[in-house]
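Student: I have a structure open and would like to go through it with you. Can we start with the pockets?
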Amino acid sequence: MKGTAMPWRYVTIERQGPVAVVRFDRKENLNAFNQQLVRELTEAARTFHDDLETHHVVLAGAAEAFSAGADLKDAASWQLAEKTDVQRRHRFYAGVRLCKAWEEMPQITIAAMERMVVGAGVAIALACDWRVLGRGAFLYVPEVKIGLNLQWGALPRLVTLVGPARAKRITLMGEKMDAATALAWGLVDELAEDGRTEEVALAMARKTAEMPPATVRLVKEAINATAGALHRATSFADGDQSQLTGSFEAARTARERFGKR
């Protein structure tokens, strides 16, 4: 697979005909999202919006962890005292812009997830069309534990996939979900042996590549429009809610405690 040079620190794109693989790897902090990674993955997604040659995109994290979620030690994410109100609000919607950029890609997108998929990692995976999870991996949504709402536009996507009762259990109980449960609940679409999620995702992409690409794009857009008709209406302020809940004293204490683990 031929590499494509990009001016990014954490993100690379590799292409093989109509299929591309976007990999992100910080090589530290279990691939947690800092603001630099959020920007790079947003830019990477946007490079495909007018790409008429690529029809399938696989999103892969690091081998040891798809992502451990948001980096609670990232100064650009949390040290906002010197920022204006507009700058703060812009920062809190960075993840929303990221997931929107991935969801609105015309290509079929498949997340290939190894080991752990936490918080923000779950959010970006929900913005993809399909999800492949390693059999030994787990999903975990700990936002409420640190006093935050599930942001990045993820909550309505989650409810659409699993229904309201299971969405409440996932977000409010903070349980780690094993791969078999994630498959049974519809959070993921395929399981793979550990270390082979990218291989399975590529096989799914190539199978869909047998279909007429223009029709695939049209049907994807129609399904997304139908399933997500109210998503924007129900999550338009989730960044503002995150800024509010994150300012609560209990939330600050919870983040400090959680970050020391």
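Student: Which residues lie nearest the centre of the largest pocket?

Tutor: This is a predicted model. In it, E103, R157, N224, G228 and H231 lie nearest the centre of the largest pocket.

Student: What volume does the largest pocket have?

Tutor: About 1000 Å³.

Student: How does the lining divide into nonpolar, polar and charged?

Tutor: The lining of the largest pocket has 15 nonpolar residues, 7 polar and 13 charged.

Student: Strand 7 came up there. How many of its residues are buried?

Tutor: Strand 7 has 4 of its 5 residues buried, so to speak mostly covered.

Student: Which strands is strand 7 joined to by bridges?

Tutor: Strand 5 (residues 108–113) is joined to strand 7 by 4 bridges, and the two run parallel. In that pairing, I110 stands opposite W130. Strand 7 is also joined to strand 10 (residues 190–192), by 3 bridges and again running parallel. There, G134 has A192 as its bridge partner.

Student: How do strand 6 and strand 8 run, parallel or antiparallel?

Tutor: Strand 6 and strand 8 (residues 138–140) run parallel, joined by 3 bridges. Within that pair, V118 stands opposite Y140 of strand 8.

Student: Change of topic. How many salt bridges does the count come to?

Tutor: The count comes to 14 salt bridges.

Student: Let's take R26. What does its side chain meet in a salt bridge?

Tutor: The side chain of D71, with N to O at 2.8 Å. D71 lies in the loop between strand 4 (56–60) and helix 2 (75–78), while R26 lies in the loop between strand 3 (19–24) and helix 1 (35–46), so the pair ties together parts that are 45 residues apart in sequence.

Student: Is D71 buried or exposed, and what about R26?

Tutor: D71 counts as buried, at 6% relative accessibility. R26 counts as buried as well, at 8%.

Student: What about E14, which salt bridge is it in?

Tutor: E14 meets R23 in a salt bridge, again given as 2.8 Å from N to O. R23 counts as partly exposed at 22% relative accessibility, and E14 counts as partly exposed at 22%.

Student: Which residues are linked with E14 in a network of salt bridges?

Tutor: R23 and E198 are linked with E14 in that network.

Student: And which residue forms a salt bridge with E175?

Tutor: R169, with the closest N and O atoms 2.8 Å apart. E175 is partly exposed, with a relative accessible area of 37%, and R169 counts as partly exposed at 39%.

Student: Now D51. Where is its place?

Tutor: D51 is in the loop between helix 1 and strand 4. D51 is buried, with a relative accessible area of 13%.

Student: Which residues does D51 touch?

Tutor: Not counting residues up to four places away in sequence, D51 touches R15, Q107 and R217.

Student: Last one, V11. In which strand is it found?

Tutor: V11 is found in strand 2 (residues 11–16). V11 is buried, at 2% relative accessible area.

Student: What is V11 in contact with?

Tutor: Leaving aside neighbours within four places in sequence, V11 is in contact with V22, R23, F24, L37, E40, L41 and A44. R23 in that list is the residue that meets E14 in a salt bridge.

Student: How many Å apart in space are V11 and G119?

Tutor: V11 and G119 are 19 Å apart, C-alpha to C-alpha, and 108 residues apart in sequence.

Note on methods:
Residues are numbered from 1 along each chain as its sequence is written. This is a predicted model: local features need pLDDT of at least 70, side-chain atom pairs count only at pLDDT 80 or more; totals for chains, interfaces and linings use all residues. Side-chain values use heavy atoms; hydrogens and water are left out. A salt bridge is a side-chain nitrogen of Lys or Arg within 4 Å of a carboxyl oxygen of Asp or Glu. Buried means under 20% relative accessible area, exposed over 50%, partly exposed in between (1.4 Å probe, protein chains only). On a 1 Å grid over the protein atoms alone, a cavity is a set of points where a 1.4 Å probe fits but cannot get out, and a pocket is an open set with protein on both sides within 12 Å along at least five of seven lines; lining residues have an atom within 4 Å of a point. Grid points are joined across faces, edges and corners, and a volume is the space filled by probe spheres set on the points. Ala, Val, Leu, Ile, Met, Phe, Trp, Tyr, Cys and Pro count as nonpolar, Asp, Glu, Lys and Arg as charged, and the others, Gly among them, as polar. Two strands pair if DSSP finds at least two bridges between them. Contact means heavy atoms within 4.5 Å.
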